[in-house]
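Thanks for asking me to look this one over.

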Amino acid sequence: MCVPGGGAETGPGPLTRASAGGKLLAVLDAFSRDRPALTLSQIARGVGLPVSTAHRLVAELVAWGGLERGPDGRYRIGLRVFELGALAPRGLGLREAALPFMEDLYEVTHENVQLAVRDHDEVVFVERFAARDAVAVLTRVGGRFAMPPTGVGLVLLAHAPPDVQERVLAAPLTRFTAHTVTDPRRLRRLLADVRRTGYAVSDRQVTDDAVSVAAPVTAGDTVVAALSVVVRGSSAAAVRGVTPTVRAAARGISRLLQDE
C-alpha cells in the first residue's frame, strides 16, 4: 500500500510533516505484493517526495538491511525486515506451536495447509504448506486477504469483537466467484454456524475449484488464529474428508499455547 503525499518536502502533503522515521516507514510501505520491486523514481512518486530525498531514505534502508538493490537497479524488501517480522509475538510462538501439527496435517492430506491471524479487518497468513499438485490458492505467507470469503477468515470474523464484525459486514463485500457470499444477512448466518459447529467451510468462494475447511486456534478463551486445509472439489467431500483432522490439529495447537 502506497502512502500518498505532496510533490515536495515543503508542500502540503502528509509526508511533509512526517518525522524521519515516518518517511522511512512510508518508503517500506510503498512495496506490496503487486509491487515487490521498485525503481528509485517509483518509490519517490509512491511516497510523494523528491527523488533526492527518496534517494537518501533508500540509502539508509539499504545500509540497515531493510531494502536490497538487485542487478536490475530495482529495490526489494531486505532480509532484515523478514528477521524482525519473524519476532512478532503472534507469529513466533504461534508458528512454533503450529508447525508440527501443520506438518502432520500436510502429510495426511497432501493439500494446502494454512495458518492465519486477524489484523484489524483482514486475514494475515503466517504459515503455509502446499504440495506441487495441490489446488492453486490466491494466498501467500505474509499476505493479506479479506476475511468473509476464506475459511480462516470466517473463523476469525465469527470470533472477532462485535465492532469488527459490524464494520466488515457494512463494507462492500468483494465477489471472487459465483459462489462468494456477498449478502450480509447470509454472512451473519454463516458466522453463527461457525460459532455453533466449531468450524467453517468456504465452498468455492475464492476460486471455483477450491474448498477450505477451517477451525479456531485458541489461547485460553480467546481465538488467536485459524487453521485450514484447502482442497479441490465440492464442499460435501471436503467436509467429510478433512474436518475432523483439521479440528483435531487446531485443538492440539491450542493445548500447546495454553501450556505456555
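The points below go through a strand and its partners, the salt bridges and a pocket.

1. Please keep in mind that this is a predicted model. The distances and accessibilities that follow are computed from it.

2. Five bridges connect E3 with strand E8 (residues 222-232), and the two run antiparallel. Within this pairing, Val113 has Val229 of E8 as its bridge partner.

3. E3 also pairs with strand E4 (residues 122-129), again in the antiparallel sense, over seven bridges. Asp119 stands opposite Glu122 of E4. Two residues lie between the strands of this hairpin, and His120 takes a positive phi near 60° there.

4. What does Glu122 form with Arg144? The two make a salt bridge, with their closest N and O atoms 3.2 Å apart. Because Glu122 belongs to strand E4 and Arg144 to strand E5 (residues 144-146), the pair ties together parts that are 22 residues apart in sequence. Is Glu122 buried or partly exposed? Its relative accessibility is 34%, so Glu122 counts as partly exposed. Arg144, with a relative accessible area of 44%, is partly exposed as well.

5. Helix H7 (residues 162-170) holds both Asp163 and Arg167, four residues apart, or about one turn of the helix. Their side chains meet in a salt bridge at 3.9 Å, N to O. Arg167 is partly exposed at 41% relative accessibility, and Asp163 is partly exposed at 48%.

6. The side chains of Asp203 and Arg204 meet at 2.7 Å, N to O, and Arg204 is partly exposed, with a relative accessible area of 25%. Asp72, Arg74 and Arg76 are linked in a network of salt bridges. Over the whole structure, the search finds 13 salt bridges.

7. Finally, the second largest pocket has a volume of about 200 Å³. It is lined by 16 residues, and those closest to its centre are Ala146, Pro148, Val168, Pro172 and Leu173. Which classes of residue make up the lining of the second largest pocket? Ten are nonpolar, three are polar and three are charged.

Key:
Residues numbered from 1 in each chain as written. Predicted model: local features only at pLDDT ≥ 70, side-chain atom pairs only at ≥ 80, totals over all residues. Heavy atoms only, no water. Pairing = 2+ DSSP bridges. 1 Å grid on protein atoms, 1.4 Å probe; cavity = no way out; pocket = protein on both sides within 12 Å on 5 of 7 lines; lining within 4 Å. Points joined across faces, edges and corners; volume = space filled by probe spheres on them. Nonpolar A, V, L, I, M, F, W, Y, C, P; charged D, E, K, R; others polar. Salt bridge = Lys/Arg side-chain N within 4 Å of Asp/Glu carboxyl O. Buried < 20%, exposed > 50% of the residue type's maximum accessible area, 1.4 Å probe, protein only.
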